[in-house]
Structures are given as C-alpha cells and as structure tokens.
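Here is a short report on a sheet and some charged side chains. Please look over the sequence and structure first.

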Amino acid sequence: MTAYDPCRAPVPRSGEEACEKTREKARRKKIVTGHRIYSAPVTNQPLEGTVVRLVRLTPDHAEALFPSASDPEVWRWMPRARPETVDQLREWLGEMTADPTRRCFAVQRRDDGTVIGSTSMYDLDLAESRTEIGATWFDRSCWGGPYNVESKLLLFTHAFEDLRLARLALRTDNLNVRSQQALTRLGLVHEGTLRSHMRRPDGSRRDSLYYSLLADEWPTVRETLRARVTAKTTPLLA
C-alpha cells in the first residue's frame, strides 16, 4: 500500500491541512482591501551594481537613513511630513515594509557599505503586471553622481527581467522640475497629469505628473542607463 502523502491528498479550502507547496502558493496570493493582489516572494538577495547595492529595507535602517531623511532639502518634495526623530522614521519604515504590495530597498554604497538612501516598488500587482516606483531619496552628498541612476537601473532590471512586468510608473510633484528632468533623462514617457491629486505636508494641493516605462521600451532604456552609469562612475574610479 502506498504511504499517505498529504502533499498529494486533496487540500481543504480552509488550507488548515495544506502541504508546504500549497502554503507557498497561498503566500503568493494576498487579499488586500477586498481586491486580489498577487505579490512576488520577497527575496533577501541584494541587487548588485557597480557602485551601489540594493538590500532589503528594514526598520533597523532608520538610524542610518535619518541624516538624509531629516534634511529639509532632501525631503522637500516628499508627499509626507519629514520625520523629526529616528523613532518616527522607524515607524514609517515599519509600515512600508509590512505592506505586501511593496518591495522596499536601502541603497548601500558598495565601496564602504554606507547607506545613502532608499527606494521602493509599491502597488506591485503581478496579475496586472505593473508597479510604481517611489519613496526614493538620497543623501545630498550623492546628488549628481551615479547612485540614483544605477539604483534605477537595478530596480528596473528587477521589475522587467526578474518579475517580468509589463509596465512601471513614477509620479512627481508638478513643482519639482528637477525630478521631471531626471525622469525624462532616465527615458520614461510623460503620460499626463492628475490635477489636485494629493495634499502636500503644508496642506496645499499638488498636481501629480505621471511617467511610465513599458517592457518593450526597456532594452533601449537599459542601454542608455548603462552608458550613463559608466560615464558618471569613471571619474570616481580615476
């Protein structure tokens, strides 16, 4: 007689006696606010670049990120109030990393391991094959270097080549001209503007400009980003 194998037996809909394979399938399917959101398994493997690596963000990164997050110039265009204490930042990081539709990363400088910023995917929906990129900031000392460009290269590669997404999008404040120019240089397409889309921390209403990148556009943008990383990295290695 063949031994009883629970992984081959019918699994009750309750899932209480499900085998590990069924549990893993259930973990991939999240029910969020009544809508079915499919989430990729979280990986602890860093995304490795030439000058930065993206590691899984945790609330423990709050202390390292606080100097940049508390800088008014760095935080100027963020859609939420600037954290006033490490504990406030830790609480926010906890909320972000607990969201099953987010993939949050701390950005480390490879040569010394210093955490210089953060970036995230959010509203990740594998059923619809899309995500948005946001909650991104870098220490002011890293502005203009290769760090943001390579971070985007790593994150976009993860989106299109690992997760096989069809689309990603970013949005920015209509007054943030610097961000709009940066998104255009990254190769994203301006799709339009959501008027009076959200409230700024000071209470004023902002328009949100939406930019997107599609899977069939990615190969061309990838080569552009690689060239930009090389150009910006060369002076650092000279």
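## Sheet edge and salt bridges

Leu-47 has Leu-54 in β4 as its bridge partner. This is a predicted model. Strands β3 and β4 (residues 52-56) pair in the antiparallel sense, over 2 bridges. They belong to an open sheet of 8 strands. The order is β3-β4-β5-β6-β7-β8-β10-β9, with mixed pairing. β3 (47-48) and β9 (189-199) are the edge strands, and each pairs on one side only. In general, strands of a sheet pair through backbone hydrogen bonds, either parallel or antiparallel.

Now the charged side chains. The structure holds 13 salt bridges. The table lists some of them, including one between Arg-53 and Glu-48.

| Salt bridge | N to O distance |
|---|---|
| Arg-53 and Glu-48 | 3.2 Å |
| Asp-99 and Arg-102 | 3.9 Å |
| Arg-109 and Asp-111 | 3.6 Å |

How accessible are these partners? Arg-53 is buried, at 18% relative accessible area, because the cut-off for buried is under 20%. Glu-48 is partly exposed at 40%. Asp-99 is partly exposed too, with a relative accessible area of 26%. Arg-109 counts as buried at 18%.

Arg-226 lies in helix α6 (residues 218-237). Arg-226 is partly exposed, with a relative accessible area of 42%. Arg-226 and Leu-153 are 73 residues apart in sequence. In space, their C-alpha atoms are 7.4 Å apart.

Key
Residues are numbered from 1 along each chain as its sequence is written. This is a predicted model: local features need pLDDT of at least 70, side-chain atom pairs count only at pLDDT 80 or more; totals for chains, interfaces and linings use all residues. Side-chain values use heavy atoms; hydrogens and water are left out. Helices (H or I, at least four residues) and strands (E, at least two) are DSSP runs, numbered from the N terminus. Buried means under 20% relative accessible area, exposed over 50%, partly exposed in between (1.4 Å probe, protein chains only). Two strands pair if DSSP finds at least two bridges between them. A salt bridge is a side-chain nitrogen of Lys or Arg within 4 Å of a carboxyl oxygen of Asp or Glu.
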